[in-house]
Amino acid sequence: MHVLIVESPSKAKTLKKYLGPGFEVLASYGHVRDLLPKTGSVDTDHEFAMKYEVIERNAKHVEAIARAVKKADEVLIATDPDREGEAIAWHLAEILRERKLLTKKPLKRVVFHEITERAVKEAIAHPRDIAMELVNAQQARRALDYLVGFNLSPLLWKKISPGLSAGRVQSPALRLICEREEEIERFVPREYWTIHLDSHQGRQKFGARLTQFQGEKIQQFSIENEARQKQVVEALTHAANGSVTVAKVEKKRKQRLPTAPFTTSTLQQEAVRKLGFSAERAMRTAQQLYEGVDIGGGAVGLITYMRTDSVNLAQEAIAEIRGYIAEHFSRDYLPAQAVVYANKAKNAQEAHEAIRPTSIARTPESLKDHLGADQFKLYEMIWKRALACQMAPAQLDTVAADLAAGTVGVFRATGQTIAFDGFLAVYHEDADEPSEDEDEAKLPPLKEGDVVPVDAIRGEQHFTQPPPRYSEASLVKTLEEYGIGRPSTYASIISTLLYDRENIGPYAVLEKKRFKPTPMGRLVNCFLTHHFDHYVDYGFTAHMEDELDDISNGTRTWVPVMHEFWDDFATQLQAKDKVERGCPMEEACPKCGKTLLLQASKRGLFVGCSGYPECDY
């Protein structure tokens, strides 16, 4: 008998259906071992030796696996196809070895990126050994997170307030949110005006915007106040004398290319923008679609593995998508060649695929009755994006007309029509910040020399806006751009920031779906950036991620990487134990001239003198 071990019970159920009676399929219910939750579990004096224990809540599942392995002829471990999955496989193997259950039994690692009968059987026919490079990269990540958390958190308890936590990746994410808030607070709005022409031709109304005045190009701050706006409007109204002349018409055909299929990051961003999900809800739903949904006749994995930073698609998937387009759309929608996308993410794992349906033939409509509301919305979005990525570009006709008000000013009217919708027939990507383009408007058929009436020439007042707070989508995008965290960690970074710590509250809250740091979040960030700037630095955090990638690629070994980090960090910790409580402020104490500190008390935050108790300010 073969024993096959996976991570989740729903995945086990799906696989059991494919593999039949010769296989016993069991779930580990996620990670089976973790570091002992006490100081010294990573032994920095002995090459970072790690002390593990079986996770209490999963002990009964480990026992069930051990009982099954006793009776098995072969053990196969089919945990997720990433570093975490590889580490779970290794931990399981270590537990079974320690119990002497593998003395005469082969143990093999099985990897598949989609839970379909073909992919699963293919993977079982070609097992491999556990990849120690991936295991070591995961162990190094766990050790780094442990060393940062177990050393910085007690310092925060001592210097700020009990119950606080610091994290290697969570702290730079908090820094982003706090720095954006400071930018917003420092921001001074600046007034400016735009000048608009309202006109019509026949029954069609259209608008244009002033681009030149008295031979000068209009810039954002060319017209800075109401008085100047009145002068400009009067001069233009007088020069136009009731009508403007079409001086120039430019027509261009533009192409808009489809977007790449989803990676974890882009899936989370679009689920936030389009569906109003949180990053965590998107990942939870994607996990269900990956692990298998009963669509009548048993459970089937509906999408490929949802933790990936690759935009690659398998050749057979591309062939199937192109076949679907050929069958359901006219020939103009199918490009002559398959569309290939290049990865922007550094160290993207090319062997992985982008997130796509396991079969494009399973249309969202055909599955609607079998899926929950969230599952349907997310599957439909993944299905449409995968289909659209192999379709022809959209063709857009853009028109720009310059309208002259005598010799004094030139207005520009722009319009855009879709000549051929291409991939837009299926999918349109959303943006985090709505753009102010007027290009979507339709213009009447204007020709050079046409004279059109002036319905109104008017000014519009504007004020510059501060940068927006981060939404979940824009925070994920920024973390990815900086190289902070990896696809599997974005959702947990966000939930840690929003986690409501007892008697302390969260570090950030969502206000109108935007991150706002709490006073405590700002104090923690201020303390860490002041005393441990290097460790919450974006470049340093991204560099550490690259080092972990190098370990998983086999180009570096993990112990020297750990030494590089720890030797420096330990020195800084010793020095910082002597720092004052709270966070230094830029102003001096009005009573004694010493530094003022922002500090925490049971009643909230307060500002006090660093010279306390000598000075009681």
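Helix 13 gives the largest share of the lining of the second largest pocket, six residues. Helices here are DSSP runs (H or I, at least four residues), numbered from the N terminus. The model is a predicted one, where local features need pLDDT of at least 70, side-chain atom pairs count only at pLDDT 80 or more, and totals for chains, interfaces and linings use all residues. Residues are numbered from 1 along each chain as its sequence is written, and side-chain values use heavy atoms, with hydrogens and water left out.

As for the pocket itself, the space in it comes to about 910 Å³. A pocket is an open set of points on a 1 Å grid over the protein atoms alone, where a 1.4 Å probe fits, with protein on both sides within 12 Å along at least five of seven lines; lining residues have an atom within 4 Å of a point. The volume is the space filled by probe spheres set on the points. The lining takes in 37 residues, and Thr266, Gln269, Lys344, Lys477 and Glu480 sit closest to the centre. Two or more residues each come from helix 8 (264–275), helix 13 (472–482) and helix 16 (538–552). By class, the lining has 13 nonpolar, nine polar and 15 charged residues; Asp, Glu, Lys and Arg count as charged, Ala, Val, Leu, Ile, Met, Phe, Trp, Tyr, Cys and Pro as nonpolar, and the others, Gly among them, as polar.

Elsewhere, Ala279, Glu280 and Met283 of helix 9 meet Ala491, Ile494 and Ser495 of helix 14, with contact meaning heavy atoms within 4.5 Å. That contact has four nonpolar, one polar and one charged residues.
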